[in-house]
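Below is a short report on one structure.

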Amino acid sequence: MKRKRVLGSAAIGAGLLAALLGLPNGAVAQSAPPPAAVAVQSPDIPAANSMAHAQQFQTIASSNGGNRAHGRPGYRASADFVKAKLDAAGFQTTLQSFSYQGATGWNLIADWPQGDPNQVVFLGAHLDGVPAGPGVNDNGSGSSAVLETALAVARANAKPTKRLRFGWWGAEELGLIGSKYYVQNLPASERSKINAYLNFDMVGAKGTRTWGVYTDSSTLSAVFTEYFRSKGLPTQGFNIGARSDHASFKSAGIQVSGIASGNDPCYHARCDDINNIESSVMGHATNAAAYAAWKLAGIPEGAALPGTPYRPVG
Ligand code: DPN
Ligand code: ZN
């Protein structure tokens with residue numbers, strides 16, 4: 001069979017970016033390769049789990065003036081919600097404050113207290129939204145997927161080889177302010193311990209058919225591609241440039257990747273509410289995140305507590 005010539009990743013990325021933002025640009029989906037057998041056993045996380053977190057972000061916005069933006073009460077309520085879940089699950093959490101445009105912002109960092117602290121695998125998402133709406137896809141979706149992955153690690157009582165760290169960033173929408181602050185305030189000796197940073201920004205868009213996988217690191221991107229391939233879902237290389245928090249880590253010389261869902265007609269709009277995301281899409285995003293966490297941190301098979309449902313991926 002003659003294969004289609006693969007476009008340069010920058011060209012594909014520009015097309016996908018246009019599609020994600022609802023611009024009229026035809027990004028051509030690659031067909032899904034056949035499922036590949038993979039050895040990692042990450043948990044099969046029900047889509048309803050991350051949907052429940054996304055619903056909480058919607059409720060928080062609705063009861064705080066309709067948004068979760070930097071400096072607004074809906075932001076702090078979002079951080080408190082995520083922190084309470086993590087604390088109850090046994091994470092070591094830190095709320096890091098910073099000041100921007102006359103308002104206090106917060107990053108939330110959570111370490112799973114297992115594994116080698118000198119080898120960190122980091123998953124993160126921005127927790128703020130724009131003032132225009134509740135920010136459920138951008139980025140309640142990524143915040144929920146990362147939260148649910150962390151909670152799955154706790155439920156499994158996982159004993160990874162490496163340290164798993166999770167981050168929720170403030171003021172991304174104003175220029176990656178929170179994640180830049182975090183990285184710039186890390187001593188060089190701590191930065192060098194971060195093996196990988198994976199970013200989850202806009203991962204719940206309704207009707208997603210093709211998943212965007214950041215092209216920044218071919219090694220890390222391959223892990224996501226492997227997950228989606230195992231599910232028969234097509235992927236496309238996505239050159240997101242410096243438009244989200246992975247860029248703060250990349251600038252410090254850290255290997256980065258991430259994923260993004262498809263077209264979002266409510267991007268930065270009032271209609272980016274709970275009806276703007278889709279359960280099955282959230283399920284795939286969350287399980288892709290968990291697959292990467294399990295694989296990259298080296299969570300051994302059989303790490304589950306008795307009774308925890310496991311199934312092989314692939
Ligand atoms: N979510 C966008 C923002 O925070 O403004 C950045 C972005 C664009 C992320 C396109 C993914 C895809
Ligand atoms: Zn975003």
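Predicted model: local features only at pLDDT ≥ 70, side-chain atom pairs only at ≥ 80, totals over all residues.

His126 in strand β3 (residues 116–126) and Asp138 in helix α4 (residues 136–155), 12 residues apart, link distant parts of the chain. Both His126 and Asp138 are buried, that is, under 20% relative accessible area with a 1.4 Å probe and protein chains only.

## Sheet

The open sheet has 8 strands in the order β1-β2-β4-β3-β5-β8-β6-β7, with mixed pairing. At its edges stand β1 and β7 (235–238), each with a single partner strand, so one side of each has no neighbour in the sheet. On average, neighbouring strands are turned by 20° against each other, direction ignored. Strands are DSSP runs of E with at least two residues, and helices runs of H or I with at least four, numbered from the N terminus; two strands pair if DSSP finds at least two bridges between them.

Strands β1 (residues 92–100) and β2 (residues 103–112) are antiparallel and share 9 bridges. Gln92 stands opposite Asp111 in β2. Their hairpin has 2 residues between the strands, and Gln101 takes a positive phi near 50° there. Strand β3 runs parallel to strand β4 (residues 162–169), joined by 8 bridges; Phe122 has Arg165 in β4 as its bridge partner.

## Helix pair

Helix α2 (residues 47–62) and helix α3 (residues 73–89) have axes that come within 9 Å and cross at roughly 150°. That angle makes α2 roughly antiparallel to α3, the term for angles over 145 degrees. Axes are lines fitted to C-alpha atoms, for helices over the stretch in contact, with angles from 0 to 180 degrees between N-to-C directions. The crossing of α2 and α3 is right-handed, meaning that the near helix is turned clockwise from the far one by less than a right angle.

## Conventions

Residues are numbered from 1 along each chain as its sequence is written, with chains lettered from A and ligands numbered from 1 in the order in which they are written. Local features need pLDDT of at least 70 and side-chain atom pairs count only at pLDDT 80 or more, while totals for chains, interfaces and linings use all residues; side-chain values use heavy atoms, leaving out hydrogens and water.

Technical notes. Buried < 20%, exposed > 50% of the residue type's maximum accessible area, 1.4 Å probe, protein only. Parallel < 35°, antiparallel > 145°, perpendicular 65-115°, else oblique.
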